[in-house]
Amino acid sequence: MEPKINARSKLRPSRRTLTLLLSAMAGLLIVACLRQFPLSPSVADSPSDRTRAKQLKVAVEKLKSIHKTIRKPKPGDWLDRHYEPGQTFARYLNSNPVRPIGVRSIIYVQPLGAFTKSQRKSISLAAEFMGLYFNTKVVIRKDLPLTVIPPAARRVHPQWKVKQILSTYVLDKVLYPRLPKDAAAYIAFTASDLWPGAGWNFVFGQASLRKRVGVWSVHRNGEPDKSPADFRLFLLRTLKTATHETGHMFTMLHCTAYECNMCGSNHRQESDSRPIALGPECMAKVCWAGRIDPIKRFSGLYTFCVKTGLKPQAAFYAKSIETLGGKLPTTQPVSTSAPQNR
Ligand SMILES: [Zn+2]
Ligand SMILES: [Zn+2]
């Protein structure tokens with residue numbers, strides 16, 4: 001999910017507006033890749049950053065044993081269609097990455113339009129999860145109504161008859177003028193379907209990397225009210241999108257080494273097959289960027305996954321803690337039922 005070539009040429013963004021698209025066209029998820037563009041004032045590495053980098057390299061070596069290297073792409077998969085260079089932890093450190101620290105350290109989440117209770121619950125959980133994933137403060141802003149989108153930035157899809165809103169309008173006219181100064185990223189979630197302009201059917205989300213704004217839709221993430229299992233699938237998809245795309249906004253490229261949340265995906269089946277956990281090198285990137293100890297990070301994510309009934313994901317974080325010699329936090333499992341619409 002992520003920008004690349006076709007997305008760029010299709011949309012003809014200005015030089016200053018580099019768009020990242022999680023796009024689907026004719027049912028195909030077209031993912032675009034972020035190259036390395038420092039987007040906010042760089043924060044000089046401190047001596048503690050250099051020490052942390054050394055410690056993280058040790059953690060990477062330990063964790064390799066529990067991660068699967070990336071499988072061979074099947075026809076139609078992302079790496080079957082696109083060449084990608086990958087990005088090691090060392091290369092990331094040399095890329096002057098955007099980090100959620102310093103003057104721009106907060107992720108702002110912007111609910112846009114109406115949501116069912118289950119959708120809203122997922123967004124609230126996604127905000128909590130992003131905070132744990134990147135070690136950042138996350139602030140959910142007051143709702144904005146869909147009336148901020150004028151008729152000219154709306155349409156009904158000509159064949160599918162689905163109501164859609166123009167993602168570029170959300171980025172440029174809704175979010176950017178409201179961008180808080182201390183935002184590392186300002187991300188709108190909407191239950192409306194999105195389309196990015198002429199020539200496109202829909203997109204799952206889009207981000208303007210230089211402006212630190214993004215919009216993701218949960219419209220195509222499933223039916224969270226159908227059953228507890230459907231709610232968990234909806235939640236998991238929402239969490240994956242939120243963290244994968246935010247990872248791009250912090251200068252992370254697609255992973256080509258491990259089965260990892262930062263792998264590119266060309267279609268829903270492929271993205272569903274990827275874990276929400278980061279491979280060892282990508283884990284090191286977020287721990288270094290957000291200045292967090294990996295065991296502390298895994299512990300927070302483990303507790304979250306237990307709380308939300310994401311059992312396989314909780315089990316993997318438990319294994320990660322164990323592999324690094326940490327102690328599992330005590331946690332109280334809570335109800336995993338989908339919130340009811342009442
Ligand atoms: Zn991507
Ligand atoms: Zn990775």
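A residue is called buried here if 20 or more other C-beta atoms lie within 10 Å of its own, exposed if 12 or fewer do, and partly exposed in between, the C-beta atoms being placed from the backbone. By this criterion, buried residues make up 47% of the 342 residues in the protein. The structure is a predicted model, in which local features need a pLDDT of at least 70 and side-chain atom pairs count only at pLDDT 80 or more, while totals for chains, interfaces and linings use all residues. Residues are numbered from 1 along each chain as its sequence is written, and chains are lettered from A and ligands numbered from 1 in the order in which they are written.

The protein contains 11 helices and 10 strands. These elements are DSSP runs numbered from the N terminus, a helix being H or I over at least four residues and a strand being E over at least two. Two residues are in contact if their C-beta atoms, placed from the backbone, lie within 7 Å. Of the contacts in the protein with a separation of 6 or more, 73% are between residues 24 or more positions apart.

The confidence of the prediction should be considered next. pLDDT is the predictor's confidence in each residue, on a scale from 0 to 100. The average for the protein is 85, and 83% of the residues score at least 70. Where pLDDT is low, the predicted coordinates should not be read in detail.

The crossing of α2 with α9 is right-handed, a term used if the near helix is turned clockwise from the far one by less than a right angle, and left-handed if anticlockwise. On the α2 side the contact involves D49, R52, A53, L56, A59, V60 and L63, which meet P280, E281, M283, A284, C287 and W288 in α9. This contact comprises 10 nonpolar, no polar and 3 charged residues. In this classification Ala, Val, Leu, Ile, Met, Phe, Trp, Tyr, Cys and Pro are nonpolar, Asp, Glu, Lys and Arg are charged, and the others, Gly among them, are polar.

Beyond α9 the chain passes through a loop to α10, and R291 lies in this loop. R291 has a positive phi of about 55 degrees although it is not a glycine. Most residues other than glycine have a negative phi. R291 counts as partly exposed because it has 15 C-beta neighbours inside 10 Å. K161 also has a positive phi, near 60 degrees, and lies in the loop between β5 (154-156) and β6 (163-166). With 7 C-beta neighbours inside 10 Å, K161 counts as exposed.

Helix α10 (residues 294-307) comes within 8 Å of helix α5 (residues 117-134), axis to axis, and crosses it at roughly 160 degrees. The two helices are therefore roughly antiparallel to each other, and their crossing is left-handed. E128, F129, L132 and Y133 of α5 make the contact with R297, G300, L301 and F304 of α10.

Helix α11 (residues 311-323) is another partner of α10: their axes come within 8 Å and cross at roughly 155 degrees. α10 is thus roughly antiparallel to α11, again with a left-handed crossing. Residues of α10 in this contact include I295, F298, L301 and Y302, and those of α11 include Q313, Y317 and I321. By class, the contact has 10 nonpolar, 3 polar and no charged residues.

Methods
Axes fitted to C-alpha atoms, helices over the stretch in contact; angles between N-to-C directions. Parallel < 35°, antiparallel > 145°, perpendicular 65-115°, else oblique.
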